[in-house]
Amino acid sequence: MSLAIQAEGLVKRYGETTALAGVDLEVPTGKVVGVLGPNGAGKTTAVRILATLLRPDAGHATVGGYDVVRDPVRVRSVIGVTGQYASVDEDLSGTENMVLIGRLLGLSRAAAKARAAELLEQFELTDAAGRAAKTYSGGMRRRLDLAASLVGRPQVLYLDEPTTGLDPHARNEVWNVVRRLVGDGSTVLLTTQYLEEADQLADSITVFDHGRVVAQGRADELKRRVGGQTLQVRPTSPADMDVVARIVADLTGVLPARDDDSGLVTAPVSDPVLMSTLVRKLDDAGITADELALRLPSLDEVFLALTGKPAEEVLV
Ligand SMILES: Nc1ncnc2c1ncn2[C@@H]1O[C@H](COP(=O)(O)OP(=O)(O)OP(=O)(O)O)[C@@H](O)[C@H]1O
Ligand SMILES: [Mg+2]
């Protein structure tokens, strides 16, 4: 497995504030790694170091094999960055913004125009291409931002909170764009405060809190690490709830919760093989179930367990 980004022991201090307290981060080529963390966790600081915009006080990092401190020009040649704060010029049109960036990257006028048109088309901004960016909706702005970061055909893309503040529809649009990019082989480092976003897009998740990595793994691994699973059974006939509750209690050794409104019997479980036994016992008792599931804790529950903060508290 080749690594597009490899960072070890990154430290960054601002006076009394330790923004990063020794962070390790690995992003395999062609994958999406989500950095999840509340306000002030150090996400943007890490991105800025990896984008050569900030020097670490300690530790080192390579991007595309190049050292961010010793070889910043080469690093910049392989990356594209979409910042947390929009970087397009409000008064310029979509096309003008894109052409300007292409020219700054050294493309000829004709090549810059062609690349602008191609990306605007890809991001469904062709109809708005001639309008000033300040007339764009939030979702269109983010798409223009993303398109702008792709002008130089970067191998590695940093997306710093690409959907913060967007409504669900606009968020979905951005997610689709990211999925398409990854489908085309890009490597993405994505920071987010949204658990759902990391769950949707990232192959693996690194959770930051107070400048440290507090957890790392695939979404399902993080969910598993934090808690056991929950068994849910909904008998087809609500009259069977008592019998189901007794069967579940026998199997799990705990008194299950029953919700008469939803018709669900739920209990925490630690042993996954239990499921087959349960199916057999229900069958023996002649009970059919509309729903029979082992549920992992939600990423929100994971986040709370890892950072001590409920997810809602960190959502904007
Ligand atoms: N230029 C700076 N000067 C002083 N302190 C800074 C500076 N930049 C960041 N910090 C501090 O470093 C810490 C980490 O900030 P950072 O911007 O990396 O967090 P973040 O995870 O990106 O947060 P958010 O989700 O709010 O964007 C915070 O305590 C912040 O106040
Ligand atoms: Mg930030």
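Start by selecting Gly40, Ala41, Gly42, Lys43 and Thr45: of the 17 residues lining the second largest pocket, these lie nearest its centre. Keep in mind that you're looking at a predicted model. Colour S2 and H1 next, the elements that give two or more residues each to this lining. H1 has the largest share, with four residues. The pocket's volume is about 240 Å³, and its lining splits into three nonpolar, 11 polar and three charged residues.

Now show ligand 1, which takes up the space of this second largest pocket. There are 14 residues around the ligand, and Asn39, Lys43, Thr44, Thr45 and Glu161 come nearest. Strand S2 (17–28) and helix H1 (43–50) each put at least two residues into that shell, with H1 giving the largest share, three. Sorted by class, the shell holds four nonpolar, eight polar and two charged residues.

Zoom in on the ligand's oxygens. One sits 2.7 Å from a side-chain N or O atom of Asn39, and for Glu161 you'll also find a ligand oxygen 2.7 Å from a side-chain N or O. At Ala41, go for the backbone: a polar atom there is 3.1 Å from an oxygen of ligand 1. On its own the ligand has 640 Å² of accessible area, and the protein covers 63% of that.

Last stop: the largest pocket, with about 810 Å³ of space. Select Gly80, Val81, Thr82, Ala148 and Ser149, which lie nearest its centre among 33 lining residues. H1 contributes at least two residues here, as do H2 (72–78), S6 (79–82), H3 (94–104) and H5 (138–149). Colour by class and you get 16 nonpolar, 10 polar and seven charged residues.

Key. Residues are numbered from 1 along each chain as its sequence is written. Chains are lettered from A and ligands numbered from 1 in the order in which they are written. This is a predicted model: local features need pLDDT of at least 70, side-chain atom pairs count only at pLDDT 80 or more; totals for chains, interfaces and linings use all residues. Side-chain values use heavy atoms; hydrogens and water are left out. A residue is near a molecule or strand if one of its heavy atoms lies within 4 Å of it. A polar contact is a pair of N or O atoms within 3.5 Å; within protein, one must be able to donate a hydrogen and the other to accept it, and residues adjacent in sequence count only if both atoms are side-chain atoms. Accessible areas come from the Shrake-Rupley method with a 1.4 Å probe; for residues, only the protein chains shown count as cover. On a 1 Å grid over the protein atoms alone, a cavity is a set of points where a 1.4 Å probe fits but cannot get out, and a pocket is an open set with protein on both sides within 12 Å along at least five of seven lines; lining residues have an atom within 4 Å of a point. A molecule sits in a cavity or pocket if more than half of its atoms lie within 2 Å of its grid points. Ala, Val, Leu, Ile, Met, Phe, Trp, Tyr, Cys and Pro count as nonpolar, Asp, Glu, Lys and Arg as charged, and the others, Gly among them, as polar. Grid points are joined across faces, edges and corners, and a volume is the space filled by probe spheres set on the points.
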